[in-house]
Amino acid sequence: MDRPGATLLQPHGWQFATFDPTRSRRAAVLILFGARDGGRSGRPGRDLGRNELDVLFVMRASSLSNHPGQVAFPGGAIDAGDADEGAAALREAEEETGADPRGIEVLGTLPDVGLPVSNFMVTPVLGWWAEQSPIRVVDTAESELVFRCPVETLLDPSRRRTAVVRRDGFVSRTPAFLAPEAVIWGFTAMLLDAVFDGLGWTEPWDRSQEIPAPL
């Protein structure tokens, strides 16, 4: 990503509430890239092209009070025992997906994003899966599905949509990705879209193709 410190997401126009940083809690999510063939060598952008990569996702349990049933990056609240945002993201990824943090290299962090629905100030953490490990749903009370999606699929213009939510006269629009496992939309899709834009990977797509957000 270029322009360090730049705003990652536009603060208005997609959220149904106003974020109050004085009441927020800290959280971190892990945007984890890995080699599609499971290989242990190579680095994205240097040894591996974008079509050789995939990204790790979880589908949140439908019983959760915040963002039920939505696709998300592994992540959660930063605990007092976490050394930093990267450590928190790795811990949460292990707790949610079983991914071994010893095989994950933290590449850096992106600008914080306020998420008023759950009252979190979220730090996105970029990671590289240098030594891959098996993944699974660790806690069914938290997640319903853990999956990896190829970057090639996510960048396919035919799989890009704009997800729309209409509520009490307010209209929210976010990017959406039609992954084989589920529709990725909302906060997660906006982060993914911003990362792809920052990397220069985004292919032109028709933002006028709208779908109702799968709430």
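Here are legends for a handful of close-up views of this predicted model.

Residues are numbered from 1 along each chain as its sequence is written, and side-chain values use heavy atoms, with hydrogens and water left out. Because the model is predicted, local features need pLDDT of at least 70 and side-chain atom pairs count only at pLDDT 80 or more, while totals for chains, interfaces and linings use all residues.

**View 1. The whole chain, before zooming in.** The protein chain has 3 helices and 12 strands; these are DSSP runs numbered from the N terminus, with helices being H or I of at least four residues and strands E of at least two. Of its 215 residues, 47% are buried, where buried means under 20% relative accessible area, exposed means over 50%, and partly exposed is in between (1.4 Å probe, protein chains only). Take the contacts between residues at least 6 apart in sequence: 65% of them join residues at least 24 apart. A contact here means heavy atoms within 4.5 Å. The accessible surface comes to about 10,400 Å², and 48% of that belongs to carbon and sulfur atoms; the areas come from the Shrake-Rupley method with a 1.4 Å probe, and for residues only the protein chains shown count as cover.

**View 2. Strand β2 and its partners.** Strands count as paired if DSSP finds at least two bridges between them. β2 pairs with β8 (residues 143-150) in the antiparallel sense over 7 bridges, and Arg60 has Ser143 of β8 as its bridge partner. With β1 (residues 25-35), β2 makes an antiparallel pairing over 3 bridges; there Phe33 stands opposite Val55. β3 (residues 71-72) is also an antiparallel partner of β2, over 2 bridges, with Met59 bridging to Val71.

**View 3. A cluster of rings.** Ring pairs tie Phe33, Phe177, Phe196 and Trp201 into a cluster. Rings of Phe, Tyr and Trp (its six-membered ring) pair if their centres lie within 6.5 Å; planes under 30 degrees apart count as stacked, over 60 as edge-to-face and the rest as tilted. That rule gives 5 aromatic pairs. For Phe196 and Trp201, the ring centres are 6.1 Å apart and the planes stand at 35°, so this pair is tilted. Both Phe196 and Trp201 are buried.

**View 4. An arginine over a ring.** Arg25 lies over the face of Phe120, 4.1 Å from the ring centre. A charge sits over a ring if NZ of Lys or CZ of Arg is within 6 Å of the ring centre and within 35 degrees of the ring normal.

**View 5. Asp82 in its loop.** Look for Asp82 in the loop between β4 (75-77) and α1 (85-97). Asp82 is buried, with a relative accessible area of 15%. Leaving aside neighbours within four places in sequence, Asp82 is in contact with Ala77, Ala87, Ala88 and Arg91. A polar atom of the Asp82 side chain lies 2.7 Å from the backbone nitrogen of Asp79.

**View 6. The open sheet.** Here 4 strands form an open sheet in the order β11-β10-β9-β12, with mixed pairing. The edge strands, β11 (183-184) and β12 (210-212), each pair on one side only. β10 (residues 170-178) and β11 pair in the antiparallel sense over 2 bridges, and Leu178 stands opposite Val183 in β11.

Technical notes:
A polar contact is a pair of N or O atoms within 3.5 Å; within protein, one must be able to donate a hydrogen and the other to accept it, and residues adjacent in sequence count only if both atoms are side-chain atoms.
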